[in-house]
Amino acid sequence: MTASAQADVAFDALGGDIARCVLERMRGETDFVAYGLLTGKPVEFGAGVRATYHRFHMRDHFSVLAGQGMQAAFAEIWPLLAEAPPSPPRVFPAREWRRALAEAEKPGGQKPILDLSSLA
């Protein structure tokens, strides 16, 4: 929640409640990019959202990914996501992006967030 309130840009692959929580906590003049719905649930948010919402989903652009084929591919994953609460994020200075990627690759690792303000 703290990271969401401080972020200038957020990229989200999950959708559902997690995306809503991030988006609703972001400040004005920030950007939220939804690029997947791994939870199987859309991004829903109320009127108080100040961030700009951007949607980019591959299935919108490639018909081969659309429809039931995509749903079937993730049918086994969605129940597991529902049972696994997200871990708290870990903030990395932008110059430590390699460490952030390594953290993202760890099974059970913390969700990495790059602090781009450190580049200023």
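Read along the sequence, the chain follows the pattern α-β-α-β-β-α-α-α-β-α-β. In this predicted model, the secondary structure comprises six helices and five strands. Of the 120 residues in the chain, 23% are buried. The accessible surface amounts to about 8200 Å², and carbon and sulfur atoms account for 60% of that area. Among contacts with a separation of 6 or more, 30% are formed by residues 24 or more positions apart.

Helix H2, which spans residues 16–25, has Gly 16, Ala 19, Val 22 and Leu 23 as its buried residues. Viewed down the axis of H2, these residues fall within an arc of 125 degrees, so they line one face of the helix. The packing partners of the buried residues of H2 are helix H1 (2–6) and the strands S1 (9–12), S2 (31–34) and S3 (52–55).

The largest nonpolar core consists of 12 residues, namely Ala 7, Ala 10, Ala 19, Val 22, Leu 23, Met 26, Phe 32, Ala 34, Leu 37, Val 43, Val 49 and Ala 51. Two elements, H2 and S2, each give two or more residues to this core. The largest share, three residues, is supplied by H2.

Ala 51, a member of the largest nonpolar core, touches Leu 23, Met 26, Arg 27 and Thr 30, when residues up to four places away in sequence are not counted. Ser 4 is located in helix H1. With a relative accessible area of 11%, Ser 4 is classed as buried, because this value is under the 20% cut-off. Under the same exclusion of residues up to four places away in sequence, Ser 4 touches Val 22, Arg 25 and Met 26.

A nonpolar surface patch of about 480 Å² is made by Trp 97, Leu 101, Leu 114, Leu 116 and Leu 119. Within this group, Leu 101 is placed in helix H6, which covers residues 97–105. The relative accessible area of Leu 101 is 46%, and Leu 101 is therefore partly exposed, since this category lies between the buried limit of 20% and the exposed limit of 50%.

Note on methods:
Residues are numbered from 1 along each chain as its sequence is written. This is a predicted model: local features need pLDDT of at least 70, side-chain atom pairs count only at pLDDT 80 or more; totals for chains, interfaces and linings use all residues. Side-chain values use heavy atoms; hydrogens and water are left out. Patches are made of residues with over 30% relative accessible area and no salt bridge: like charges are joined within 9 Å, nonpolar side chains (Val, Leu, Ile, Met, Phe, Trp, Tyr) within 5 Å. Accessible areas come from the Shrake-Rupley method with a 1.4 Å probe; for residues, only the protein chains shown count as cover. A salt bridge is a side-chain nitrogen of Lys or Arg within 4 Å of a carboxyl oxygen of Asp or Glu. Helices (H or I, at least four residues) and strands (E, at least two) are DSSP runs, numbered from the N terminus. Buried means under 20% relative accessible area, exposed over 50%, partly exposed in between (1.4 Å probe, protein chains only). The arc is that of the directions from the helix axis to the C-beta atoms. Contact means heavy atoms within 4.5 Å. A nonpolar core is a set of buried Ala, Val, Leu, Ile, Met, Phe, Trp, Tyr and Cys residues joined through side-chain atoms within 4.5 Å.
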